[in-house]
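Me: I have a protein model to go through. Can we take it one question at a time?

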Amino acid sequence: MVSIFPSYLAPLREALLGRAISRGLLELTVHDLRAWTHDVHQAVDDSPYGGGPGMVMRPQVWGDALDDVLAGPPARLVVPTPAGRPFTQALAREFSAEERLVFACGRYEGIDQRVLDDAARRVTVDEVSIGDYVLVGGEVAVLAIVEAVVRLLPGVLGNPRSAAEDSFSDGLLEGPAYTRPEVWRGLAVPDVLRSGNHALIDRWRRDRSLERTHRRRPDLLEALPADALDRADRAL
Ligand SMILES: Oc1ccccc1-c1ccno1
């Protein structure tokens, strides 16, 4: 990863991801973009051609940084930006199959477009958005993307079924989850979940997942393949 705020990415070395690194399941290197500046002010940005608010990140600095960081084994360059294509669970799975990912954390009004155009001559460049809102920089997006990708790597999650049964893994939102106590502040766990009848439990969970998806994300239902819903689903 390349950023002007390397410490912003320190959380990636905590908890689950930190354990995955120490277990050798992945390697993580964070580079300070300013290491590729040569002026006393370590300038990384400049005014935009054509005028307008804010600053644009300079091509020379990013170009030199990516020349160095992209050297070596083939990598895929991921650039978080509000103008990117949506980052989804499907894209997380695609990224998790890559041998090497390089993340460029842009700030200000973004990185000079020629940096991405030049990189695209050598590697696959993915400009991705983690949602329809504007952040100050790409670091937060990289934290989210890396966590979504790394948890899919074999051996990272304790129970491999977790990743397989994620929200979105079947194209739907997960339904409600419960644990002890049976009654809490007058609210009881649904009886079916304590019935021991796993066929019934699976059906109930599927129904709650379909209901929640219909209510909160009807677009996901629309996007399902024609054969994704069985007769029982459609009866709901
Ligand atoms: O808003 C941003 C600013 C810089 C880099 C990325 C973003 C962003 C917003 C949503 N997804 O990515």
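Me: Which residues have the most contacts inside the largest nonpolar core?
Reply: This is a predicted model, in which local features need pLDDT of at least 70 and side-chain atom pairs count only at pLDDT 80 or more, while totals for chains, interfaces and linings use all residues. Residues are numbered from 1 along each chain as its sequence is written, and side-chain values use heavy atoms, with hydrogens and water left out. A nonpolar core is a set of buried Ala, Val, Leu, Ile, Met, Phe, Trp, Tyr and Cys residues joined through side-chain atoms within 4.5 Å, where buried means under 20% relative accessible area (1.4 Å probe, protein chains only). The largest such core has 25 residues, and those with the most contacts inside it are Met-1, Leu-12, Phe-87, Phe-95, Ile-145 and Val-146.

Me: Which helix supplies the largest share of this core?
Reply: Helices here are DSSP runs of H or I with at least four residues, strands are runs of E with at least two, and both are numbered from the N terminus. Helix H1 (15-22), H3 and H5 each supply at least two residues of the core. The largest share, seven residues, comes from H5.

Me: What does Val-146 touch, not counting residues up to four places away in sequence?
Reply: Contact means heavy atoms within 4.5 Å. With those sequence neighbours left out, the residues that Val-146 touches are Met-1, Leu-12, Leu-17 and Phe-103.

Me: Is Leu-70 buried or exposed?
Reply: Leu-70 lies in the loop between helix H2 (59-69) and S5. A second, separate core of 22 residues includes Leu-70, along with Val-2, Ala-65 and Leu-66. Its relative accessibility is 10%, so Leu-70 counts as buried.

Me: How far apart are the C-alpha atoms of Leu-70 and Val-123?
Reply: Leu-70 touches Val-123, and also Ala-75, Arg-100, Val-102 and Ala-119. Leu-70 and Val-123 are 53 residues apart along the chain, and their C-alpha atoms are separated by 8.3 Å.

Me: Within what arc do the buried residues of H3 fall?
Reply: The buried residues of H3 are Gln-89, Leu-91, Ala-92, Phe-95 and Ser-96. The arc is taken from the directions from the helix axis to the C-beta atoms. Seen down the axis of H3, these residues line one face of the helix, because they fall within an arc of 155°.

Me: What covers the buried residues of H3?
Reply: The cover includes both strands and a helix. Among them are strand S5 (76-86), S6, strand S7 (124-129) and H5.

Terms used
Buried < 20%, exposed > 50% of the residue type's maximum accessible area, 1.4 Å probe, protein only.
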